[in-house]
Structure formats: structure tokens, C-alpha cells
Amino acid sequence: MRKRTALVAFAATLTLLAQPAQALPQEAPLAQASLAAATPGIGHDYEPLRDAAARSGKTFGFAYAPHIANSDAKYKAIAQREFSMVTAENNMKWDATEPRRGQFTFNGADEIMSFAAANNQKVYGHALVWHAQMPAWAKSITNRDDMRKAMNDHIKGVAGRYKGKIEAWDVVNEAFEWDGSRRPSELQKVMGNSWIEEAFRTARAADPNAKLCYNDYSTDGINSKSTAVYNMVKDFKARGVPIDCVGFQTHLIVGQLPASNKQNLQRFADLGVDVRITELDIRIQLPASQQALQTHATEYGQVVKNCWEISRCTGVTIWGISDKYSWIPQVSPGWNAALPWNDNYSTKPALASVANAMGAKKNGSSTGLVCGISAKVGANWSTGYTTDIVIANKGTTPIDGWTLQTTLPDGQKLATGWSGQFTQNGQRLSVSNTSFNKTIKPGESVSFNFNTTKNGNSSTALRNFTVNGQQCT
Ligand code: G3I
């Protein structure tokens, strides 16, 4: 996790240039929920994930970059169909909204507001005060009162403009270090410890209806950093400093979802604040192995499940849609595959895993993965037996890469397998494609087989399979 800290520190040194002025788009307001429901998913055949989230009283969000929606129809279609909340990936940050002191530029931010309104989506404001993407003019202030004025004027300018229209604001972003100390940013160095609570009080006055959040990364499990944030929130609640929510960015490295994630979210919720997964992505070293993709899917599902099981968790936001536009490779070369949609908008197993964790229903259309399984006992001898499995694609789009999971009878162990990559974890057996049987075209099938030991049990025809996280019969 130290590596992660270093990466983010590097990312934070990158500066966003002010967005060029552009005309406000006039999105025609649509009855989006019903339109979305009628539109097939891209890369999957679940109902819109926003609808599944809504049944649990949660929102499913994404980080939105308007310039991508304007040039990539698939990105835009997914943005409209799947999500009930929008976070500005960059356009509401300090350098984008106030590139010169007192001169506010709201082109990109306004574009996001109109997109969200047209698509019946809530807006999560990100971020009023952050040491990164803070304009040079503000960073160069050395006088305490002047810095306070600049910060407060900025909050009033931005939160004031969108008063009553923002669900929640990240008032302060990333103000703590790994060890729980305050990050020595210009904000901290010039204003001292009180700047965070001052920012929250100013934001409350500027937009009394918006929920006010503190947001950070590497706070996903119980550790020194999350405990420092926890103590701050506890103190704010005790002293009446207005804080309503805490955002957990959850930028993860595959295989490193902290075991204490749910417990950590719950301890914050128990302080009387909402919690949210605000920037979820899970990076994988490229090329992504089938095993990594499986862990990736499991962790995506687990994060959603953890949130879903906490009543004060308002939902999950993923940091983008397609890997194609992810921030990851820019700061972490050789890593990506971090989002549920691939570069070409096919989906990873993570998509089904998220959908299943939300209890999403199948659309009934056959635009995505629809699998059929035939499993039977083949050769059979005193100490072991062979299982022959066929996966059929009964859908209308190719299955491009697959992982089948099933459970072996107690005590039985995988011995050898053919035409697949096999791993056994406890009694769970995962089988992923090889390079030669990766794609299953519609109407076609692949077969593989493996031997298991009997361990005193008899041979058993296996049942209950998932392929890429979806139940197959
Ligand atoms: O807009 C300019 C463009 O004009 C210029 O040609 C180009 C050259 O590099 O840069 C463009 O700006 C980039 C901007 O993203 C928009 O694409 C910046 O270089 C780049 O640094 C910036 O990165 C953003 C990063 O925050 C900056 O810290 C990422 O898109 C954004 O995903 C990322 O988001 C942060 C959250 O706000 C807070 N939590 C961590 C998360 C990931 O770092």
C-alpha cells in the first residue's frame, strides 16, 4: 500500500489546466429511467444498474468527463443507462472553476449539471478544497488571512452557484498522510489545523442543503490514516462542526482489498455520518491474467456488498467507465484493467459481480452473456474420476474470455485438468480459458475436463456453475 501512496502523491503533482470556454449544451430532458430500461446494456444483459441500486435505496455513480461523452457514443450511452449519480472527474475542481483569483469559469461544471439533469442523475460535487489541482495563484499565498479568504471565497463561489442542486460535496479532499498526520500542503502550512473545519462551516453556509463530506484514499481499511480521519469526524460531531458524510475513494490494487473494509465503513457510519465508496477502481498489472480478473471481480463484488450491507452507505461510485480513459496508466505505467468495462466496451467478470452484488435482474434480452452448461462424470476409477464440462454461448454476442466457478464435493481435490487454467481454493474450483478457447461465439461451445480425487466419496455430477459471475444452468 506504500506503493499506492507514492503513486497518488505523484498524481497529485500533475496540474489540470483551465478548461477552454465552450457553449452550454442543451440536453433535451428525457424520461431517462424508462428510456434506459428499454436500452440494452453495453457488454452485458442486466437491467440498468441504477435501477438495481435504487431498489436498495442506494445510488450507483461514476466519474464523468464531458469531453469524452461528446466524442464517444458508447461511453455516453453507458453513462446515461447505468448510473444514477455523476461525479465530475475534473471539472468542478479549484483550478477548473477559478483559474484566476475571483474569475470563475463554470463551462465544464455547467455541462455536467445539465447532463445529470437531463438523465435524472444526482450530482456529487468534487472537490471544493484539495491541495492538488489547486491553482498556482492560490498555492502561492503565504498570508494566513489571505489564504482563508481565498479558500472561503472559492467555496462560496462554487457551492453557491450550485446551491440546492448538489447531493453532497467533497468539501475537503485528501488532507491526511499515511501515518495519520496532517498532509503538509500549502493549505495546512499557511492556515494551520483549523482550515478543515473552516471549510466545512463555509460550505454549510453556502449550500445548506448539500451534504458535506470529507474524502480520502487508502482509508478503506482500519489503519493509521483512516483512524485519524475517524477521530476528526468524531471531534467534528462532538463540537458541532457541520459534517454529514465521509467518502472512501477505494482506489485499490487487485488482491489488496483490506479485510477490515466493511468494519471500517461501519465504524464511521456509527458516528452518525453517511459513508460512500466514491472513486472505486481496482488496478491490475498488465497483461491481466484470468486469475487476476477473477480476484478483481470478487473484490468489486465484495466492495459493493460491504456498502449494501450498511444502511448508511449511500452507494458506490466507480472512477470512470472504460479502461480506455482511466487515470491509472498515466500515473502507473503497466497497470490498468481497473474498471468493469474494457477498452472496447466488452465487460470484465467484475461487471457481473457488481450486478449480482446489487441483485440486478437480467434484462430478458440476449445481448450479453447467456451460458448453458453440460457437466457429466466421464472416466471413473477407484480413487478418482473425470468430469467433462461444456460451456455453450446461448446469447447473441461473443463471450470473450471466461471463468467458470463451481464447488467440488467435500474432501475432493483437483488432480489434473485439460483445456483450461485450473485453481482450487478450499472446495471452490475456478477454470479459466486458455489462449486457444478464449472466445465462444454465439451458438458455439467449448469443452474441457479434469480429474478429481474421490477421497472416499463417490463420483458426483457437479451442479451450480457460474461463468463470468453469472449463474448458468
Ligand atoms: O486538460 C488537460 C489538457 O488540456 C492537457 O493537454 C493534458 C496534458 O497532460 O492534461 C489535461 O489535464 C489532465 C486532466 O486529468 C484531465 O484529463 C491532467 O494532466 C491530469 O493530471 C488530470 O488527472 C486527474 C487527476 O485526478 C489529477 O490529480 C485525473 O483525470 C482524475 O481522474 C484524478 O482524480 C483524482 C480525484 O480527483 C481525487 N482522488 C484521486 C483521483 C485519481 O488521482
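Helix axes are lines fitted to C-alpha atoms over the stretch in contact, and the angles between them run from 0 to 180 degrees between N-to-C directions. Helices (H or I, at least four residues) and strands (E, at least two) are DSSP runs, numbered from the N terminus. The structure is a predicted model, in which local features need pLDDT of at least 70 and side-chain atom pairs count only at pLDDT 80 or more, while totals for chains, interfaces and linings use all residues. Residues are numbered from 1 along each chain as its sequence is written, and side-chain values use heavy atoms, with hydrogens and water left out.

**Helix packing**

Helix α12, residues 224-239, packs against helix α13, residues 261-269, at an angle of about 15°, and their axes are 10 Å apart. This angle makes α12 roughly parallel to α13, a class that takes in angles under 35 degrees, with over 145 counted as roughly antiparallel, 65 to 115 as roughly perpendicular and the rest as oblique. The crossing of α12 and α13 is right-handed, that is, the near helix is turned clockwise from the far one by less than a right angle. Helix α14 (residues 290-308) and helix α16 (residues 349-358) pack at about 25° with axes 8 Å apart, which makes α14 roughly parallel to α16. The crossing of α14 and α16 is right-handed.

**Backbone geometry**

Most residues other than glycine have a negative phi, and most peptide bonds are trans. The bond from histidine 126 to alanine 127 is cis, with omega near -5°, and alanine 127 lies in strand β3, residues 122-130. Leucine 286 and proline 287 are also joined by a cis peptide bond, with omega about -5°; proline 287 lies in the loop between β8 (274-285) and α14. Threonine 250, in the loop between β6 (245-248) and β7 (251-253), has a positive phi near 65°.

**Ligand surroundings**

The ligand has 17 residues around it, of which Glu89, Lys93, His126, Glu279 and Trp319 come nearest; a residue is near if one of its heavy atoms lies within 4 Å. The table gives polar contacts, which are pairs of N or O atoms within 3.5 Å.

| Side chain | Ligand atom | Distance |
|---|---|---|
| Histidine 126 | oxygen | 2.7 Å |
| Glutamate 279 | nitrogen | 2.6 Å |
| Tryptophan 319 | oxygen | 2.9 Å |

The protein covers 71% of the 780 Å² of accessible area that the ligand has on its own, with areas taken from the Shrake-Rupley method with a 1.4 Å probe.

Key: Polar contact = N/O pair within 3.5 Å; in protein donor to acceptor, adjacent residues only side chain to side chain.
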